[in-house]
Amino acid sequence: MESRSVASRRSLACTRRPALAGAAPLAVTEQSMVKQERAARTRETLIRSAAETFDRDGFSVASLTAISSLAGVSNGALHFHFPSKAALANAVEEAALSRLLALTGDAEDDAPVPGAGRVQLLVDVTHGLAEALRADPVLRAGFSLSGELSRPRPGDLRERWRRWVEETLRRAEAEGELRPEAAAGDVVTAVVAATVGFEVLAVRDGVWLSAATVTRFWRLLLPTLVPAGRLAGYEAAGTGRGPV
């Protein structure tokens with residue numbers, strides 16, 4: 001009787017082992033997911049902290065120690081994600097570009113604002129860009145890094161912005177929105193020079209990126225840009241409708 005009982009217990013233990021063995025991979029997967037999520041959060045925190053530091057101090061002066069301290073992580077943790085300050089700046093530019101593309105959409109695919117067209121779309125997006133630059137240190141840092149001469153430029157937000165403005169105005173010209181004497185190329189120069197100038201000047205005085213400043217600019221420019229008979233259909237203060 002005892003031998004049968006022992007054999008029975010051994011058999012029961014054998015049948016239980018596969019279930020216990022099968023639980024291990026699930027636990028490992030859950031741990032891996034937790035680690036990945038924590039790493040992603042740390043990376044995002046480092047990018048934002050770097051952006052705030054670049055925005056405050058400039059790329060040349062900003063130190064990795066200051067960035068890691070602001071992020072609340074060790075220098076070792078920072079180097080685990082980014083091997084150098086240049087790599088961290090590249091990540092900031094990539095994040096800023098994503099924000100810019102969300103603001104501008106695609107000039108070729110975007111539908112014009114109903115009743116006003118692509119010129120109103122341009123007005124609305126410049127207002128959106130100014131507001132985002134006021135509020136978002138990552139976008140501000142991305143634009144300022146575009147003008148940083150002490151580092152290679154894998155990305156250039158100011159150039160991306162110029163290309164979007166140019167394509168939007170070319171399409172507005174092709175669709176008959178512009179006055180005959182208002183060459184799209186000349187308007188591109190005016191819009192890009194003004195908006196990038198606002199961004200640069202706002203480093204010392206945030207009023208340059210205020211809605212009032214952008215509105216005054218468009219009140220001055222719109223009469224030279226669109227036919228007089230259609231001018232009443234445009235809102236220099238923006239309609240609040242831009243790419244989603």
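**Ring pairs, charges and surface**

Mentor: A search of the whole structure, which is a predicted model, finds five aromatic pairs.

Trainee: How are the rings of Phe54 and Phe59 arranged?

Mentor: The ring centres of Phe54 and Phe59 are 5.5 Å apart and the planes stand at 55 degrees, so this pair is tilted.

Trainee: Are those two buried or exposed?

Mentor: Phe54 is buried, since its relative accessible area is 2%. Phe59 is buried too, with a relative accessible area of 9%.

Trainee: And the pair of Phe198 with Trp208, what is its geometry?

Mentor: Phe198 and Trp208 form a stacked aromatic pair, with 6.1 Å from centre to centre and 25 degrees between the planes.

Trainee: Where in the chain do the two partners sit?

Mentor: Phe198 belongs to helix α8, while Trp208 is in the loop between α8 and α9. They are ten residues apart, and the pair links distant parts of the chain.

Trainee: Which residues mark the ends of α8 and α9?

Mentor: Helix α8 covers 184–201 and α9 covers 211–225, with Trp208 in the loop between them.

Trainee: Is Phe198 buried or exposed?

Mentor: Phe198 is buried, because its relative accessible area of 11% is under 20%. Trp208, by contrast, counts as partly exposed, at 33% relative accessibility.

Trainee: Which rings make up the cluster around this pair?

Mentor: Ring pairs join Phe198, Trp208, Phe217 and Trp218 into a cluster.

Trainee: Let me go back to Phe59. Where does Lys85 lie in relation to its ring?

Mentor: Lys85 is placed over the face of Phe59, 4.7 Å from the ring centre.

Trainee: On to charges, then. How many salt bridges does the structure hold?

Mentor: There are eleven salt bridges in the structure. One of them joins Asp55 and Arg140, whose closest N and O atoms are 3.0 Å apart.

Trainee: Which helices does the Asp55 pair bring together?

Mentor: Asp55 is in helix α1, residues 2–57, and Arg140 is in helix α6, residues 137–146.

Trainee: How accessible are Asp55 and Arg140?

Mentor: Asp55 counts as partly exposed at 28% relative accessibility. Arg140 counts as partly exposed at 23%.

Trainee: What about Arg158 and Glu199?

Mentor: Their side chains meet in a salt bridge, with an N to O distance of 3.0 Å. Arg158 lies in helix α7, residues 157–174, and Glu199 in helix α8, 41 residues apart, which again makes a link between distant parts of the chain.

Trainee: Why is Glu199 called buried?

Mentor: Glu199 has a relative accessible area of 9%, and buried means under 20%. The contact between the side chains of Glu199 and Arg158 is also listed as a polar contact, at 3.0 Å.

Trainee: How exposed are Glu166 and Arg170?

Mentor: Glu166 counts as partly exposed at 26% relative accessibility. Arg170 is partly exposed as well, with a relative accessible area of 38%.

Trainee: Changing topic to the surface: which residues form the nonpolar patch?

Mentor: Leu201, Val207 and Trp208 form that patch, with about 250 Å² of accessible area together.

Terms used:
Residues numbered from 1 in each chain as written. Predicted model: local features only at pLDDT ≥ 70, side-chain atom pairs only at ≥ 80, totals over all residues. Heavy atoms only, no water. Patch = residues over 30% accessible without salt bridge, like charges linked within 9 Å, V, L, I, M, F, W, Y side chains within 5 Å. Areas by Shrake-Rupley, 256 points an atom, 1.4 Å probe, with all protein chains shown as cover. Salt bridge = Lys/Arg side-chain N within 4 Å of Asp/Glu carboxyl O. Helix = DSSP H or I, 4+ residues; strand = E, 2+ residues; numbered from the N terminus. Phe/Tyr/Trp six-rings, centres within 6.5 Å; stacked < 30°, edge-to-face > 60°. Buried < 20%, exposed > 50% of the residue type's maximum accessible area, 1.4 Å probe, protein only. Lys NZ or Arg CZ within 6 Å of the ring centre and 35° of its normal. Polar contact = N/O pair within 3.5 Å; in protein donor to acceptor, adjacent residues only side chain to side chain.
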